Amino acid sequence: MPVTQQQVAKRTGPGRPREFDVEAALDRAIQVFRERGYHAASIGDLCAAMQLTTGSLYKAFPDKRAIFLAAFDRYIDRRHARLQPRVDAEHNGFDKIRALLRYYAETSYGSEGKQGCLVVGSAVELSTLDAAAAARVTAALRQFETLLRGLIRLGQADGSVPARIDAKATARTLLCILQGMRVIGKAGRIRVEILSTVEPALQLLV
């Protein structure tokens, strides 16, 4: 299980303040894992990125795997926090899905796109080797597919998406498109190439 901020505070000893901001340190660890993957990221890489000594790192996390699992959970929480306001700002199901697609497109090109998606990278690198990582990847993808399915059904209820659309199959297809954006973005694509996928993807909903 990932280490919580409360657990970090306990590890620093009674009466002693936590030695670093766990969330900020994990945000920096996320960048290492996104760019290099799990196996290529060394403890030295993580110490440098998280701005911690090896001793401080091991006070908070027992090993690299614990850092990764905590970073993965932080990545999912942070992604949701950034995406949700964009979806909430729209007034019908179709427009909410467009906002979601545009968010993914906007994070899948240039330097941000080349850093890669931690979910996609983990699915490729760890899903067959680490049960805890595989469970997190599966849960993250299932959660996102459920969100898409809910937005399609919302669109059907408000009239912005045709009732004949198969919500389950279309949500799964959109999920594949979105994760595909992150894959080709990792390989390097320019803004216009990624954004040009949004409107064709929306044709699934008309």
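**Aromatic pairs in a predicted model**

Q: What is the mean pLDDT of the protein?
A: The mean pLDDT (the predictor's confidence in each residue, from 0 to 100) is 90, and 91% of the residues reach 70 or more. This is a predicted model, in which local features need pLDDT of at least 70 and side-chain atom pairs count only at pLDDT 80 or more, while totals for chains, interfaces and linings use all residues. Residues are numbered from 1 along each chain as its sequence is written, and side-chain values use heavy atoms, with hydrogens and water left out.

Q: OK, how many aromatic pairs does the structure hold?
A: The structure holds six, where rings of Phe, Tyr and Trp (its six-membered ring) pair if their centres lie within 6.5 Å, and planes under 30 degrees apart count as stacked, over 60 as edge-to-face and the rest as tilted.

Q: And what sort of pair do phenylalanine 33 and phenylalanine 68 make?
A: Their ring centres are 5.2 Å apart and their planes are at 85°, so the pair is edge-to-face.

Q: Are those two buried or exposed?
A: Phenylalanine 33 and phenylalanine 68 are buried, meaning under 20% relative accessible area, with exposed over 50% and partly exposed in between (1.4 Å probe, protein chains only).

Q: What about tyrosine 104 and phenylalanine 144?
A: They form a tilted pair, at 5.1 Å centre to centre and with 35° between the planes, and both residues are buried.

Q: Switching topic, which ring does the charged end of arginine 79 sit over?
A: It sits over the ring of phenylalanine 144, 5.4 Å from its centre, the criterion being NZ of Lys or CZ of Arg within 6 Å of the ring centre and within 35 degrees of the ring normal.
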